[in-house]
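Thank you all for coming; I would like to go through one model this morning, beginning with a single side chain and then widening the view. Please have a look at it first.

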Amino acid sequence: MLFIGLTGSIATGKSTVSSILASPPHSLPIIDADILARKVVEPGTKGYNAIVKHFGPTTPDLLVPITESMPADGVDGKGRPLNRPALGKRVFGNSEERITDRSVLNGIVHPAVRKEVYRSILRNYLGGSWAVVLDVPLLFESGWDRLSGVVMVVAVREPKVQMRRLMERDSHLSPEDAQNRVLSQTDVRLKAKRCEARGKGKGVVIWNDGSKEELKTKIDAALREIREGSPPWWNWMCLLCPPVGVAAGVWVYWQNININKRWKEMEVEEKANL
């Protein structure tokens with residue numbers, strides 16, 4: 001089974017691409033890290049309890065307000081849901097304090113999400129899927145690119161396009177909040193460059209500066225090329241003969257380790273030439 005690592009940055013259209021990949025004619029199973037990240041911090045979970053314990057004392061509005069329909073201990077007695085905008089203000093930004101808070105939050109959420117991802121991968125493998133899309137905003141940062149046979153980056157060429165789309169989508173954000181959210185993630189142009197450096201057949205950049213129809217055309221072309229490199233007979237062989245599948249997975253992982261090593265060497269060379 002082929003792992004397609006899908007990433008981008010905030011407001012570049014990654015969710016739209018994910019929706020297109022999940023719809024006919026592609027109908028690919030999607031493992032959405034954002035959805036799983038919400039699941040693992042629902043009231044009553046270990047992630048929720050850890051966040052409340054760490055951020056609660058210094059974030060009075062960490063939980064949604066008490067209302068007639070939302071009692072103090074939550075609708076099911078497990079606690080009120082997290083107030084995401086309030087938590088976002090604690091972790092988005094480039095100050096040392098924000099970076100530290102973001103690191104703490106990631107340390108709580110990422111391990112729990114990783115377990116859920118592995119469970120989803122196993123279910124799709126046993127279900128006979130030829131490919132599964134790992135929709136992960138921090139694909140490179142969290143190391144999921146090492147498991148991906150193909151990495152797909154959804155990018156825009158101008159940062160101002162991200163800002164405009166983000167503020168249209170989340171109208172409650174101020175320009176400063178929107179900028180902090182964009183700057184808190186790796187520049188998507190750098191992600192696109194890193195994706196292209198993986199080489200033909202291993203990295204695909206989808207530039208999403210135009211219409212949705214143009215986007216669909218680009219995705220169709222990318223999927224045709226990906227399917228040529230992962231024919232049905234190969235996927236059935238990996239499914240019916242698990243040792244072959246394991247060997248293929250190890251080979252992909254080893255290749256990606258070397259790809260990341262070359263990328264780091266390229267970064268060092270570029271910095272040396274500045």
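This is a predicted model: local features need pLDDT of at least 70, side-chain atom pairs count only at pLDDT 80 or more; totals for chains, interfaces and linings use all residues.

Is Trp 251 buried, partly exposed or exposed? Trp 251 has a relative accessible area of 48% and is therefore partly exposed, where buried means under 20% relative accessible area, exposed over 50% and partly exposed in between, with a 1.4 Å probe and protein chains only. Residues are numbered from 1 along each chain as its sequence is written, and side-chain values use heavy atoms, with hydrogens and water left out.

Trp 254, also at 48% relative accessibility, counts as partly exposed. The two tryptophans, Trp 251 and Trp 254, lie 3 residues apart in helix 11 (residues 242-272), so about one helical turn separates them; helices here are DSSP runs of H or I with at least four residues, strands are runs of E with at least two, and both are numbered from the N terminus.

Across the whole structure, the search finds 3 aromatic pairs, a pair being rings of Phe, Tyr or Trp (its six-membered ring) with centres within 6.5 Å, stacked if the planes are under 30 degrees apart, edge-to-face if over 60 and tilted for the rest. One of them joins Trp 233 and Trp 234, and because the ring centres are 6.0 Å apart with planes at 80°, that pair is edge-to-face. Trp 251 and Trp 254, by contrast, are stacked, at 5.4 Å centre to centre and 20° between the planes.
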